[in-house]
Amino acid sequence: GTNASDTDKPTLNVVTETSFMPFSYLDKGEIVGFDIDLLDAVMKEAGYEYKLDNVSWDSMLLSVEEGNADLAIAGITVNEDRKQSYDFSSPYFESTHKIVFREGTDITSGEDIKDIKVGVQGGTTGEAAVEKILGKNHENISKYESNTLTLMSLQSGDVEAAVTDNVVADAYVANNPESGLEMIADPETFESEFYGMLLPKDSEIETDIDAALQAIIDNGTYSEIYEKWFEV
Ligand code: GLN
């Protein structure tokens with residue numbers, strides 16, 4: 001837009017973490033994914049310029065908490081725990097967890113990971129889901145810095161199973177057909193959750209972000225992005 005309030009808008013500092021294909025990942029050095037397209041559409045709609053930085057999961061959360069970043073997007077689940085320290089946009093994507101394991105491992109439900117070594121990304125809802133089954137900080141739980149490291153440790157045999165977000169598990173298994181990995185969902189064990197854009201507490205842009213998100217849902221842009229990433 002060209003009105004005065006638009007030109008007054010600050011350039012936003014946005015952070016993401018790129019080990020979360022197909023939501024946020026690197027393709028030939030470029031940050032791409034469903035979340036990245038969604039972010040761009042929301043920012044255009046809301047009339048904000050933005051700068052996007054790729055950081056680690058932990059520093060992404062910290063920089064938003066400390067107000068050094070204005071927004072983070074990387075398949076971040078909205079939950080009560082995080083709401084103590086952050087604000088969230090309206091939810092934009094439904095998710096749950098899946099267990100990924102090497103072919104031949106006998107896993108048919110969430111209960112089957114109770115007595116085996118399980119890998120998760122530290123500080124995620126996947127970690128909380130696994131701790132609910134094995135116990136908090138159980139010695140059989142290995143916590144990794146990123147989703148990519150978690151799944152690599154499964155392939156290398158450091159753990160017998162990994163728990164991650166369902167769509168991310170689907171993409172990893174589909175993109176690594178030679179890996180011999182399998183996966184299961186278990187709706188009895190893993191609850192449904194929703195992704196939101198993470199904002200600092202009392203963020204001043206929350207109203208604009210939510211209005212823009214609703215606008216791109218209403219005008220079909222969200223569906224176009226969804227179809228680009230999730231329908232062939
Ligand atoms: N959705 C999960 C969470 O918010 C994992 C996100 C991620 O690893 N990028 O904890």
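A polar contact here is a pair of N or O atoms within 3.5 Å. This is a predicted model, where local features need pLDDT of at least 70, side-chain atom pairs count only at pLDDT 80 or more, and totals for chains, interfaces and linings use all residues. Residues are numbered from 1 along each chain as its sequence is written, and side-chain values use heavy atoms, with hydrogens and water left out.

**Exercise 1.** Find which polar atoms of the protein pair up with the ligand.

*Solution.* Start with the oxygen side: a ligand oxygen is 2.8 Å from a side-chain N or O atom of Gln121. Next, take nitrogen: a polar side-chain atom of Asp165 sits 2.6 Å from a ligand nitrogen. Then check the backbone, where a polar atom of Gly75 is 2.7 Å from a nitrogen of the ligand.

**Exercise 2.** Sort the shell around the ligand by residue class.

*Solution.* First, gather the neighbours (a heavy atom within 4 Å): among them are Phe20, Trp57, Arg82 and Tyr195.

**Exercise 3.** Work out how the chain is divided and how its parts meet.

*Solution.* Begin with the bounds, from an automatic or database assignment: domain 1 is 4–93 + 194–230 and domain 2 is 97–185. Finally, back to the ligand: each domain gives its shell at least three residues.

Methods. Polar contact = N/O pair within 3.5 Å; in protein donor to acceptor, adjacent residues only side chain to side chain. Nonpolar A, V, L, I, M, F, W, Y, C, P; charged D, E, K, R; others polar.
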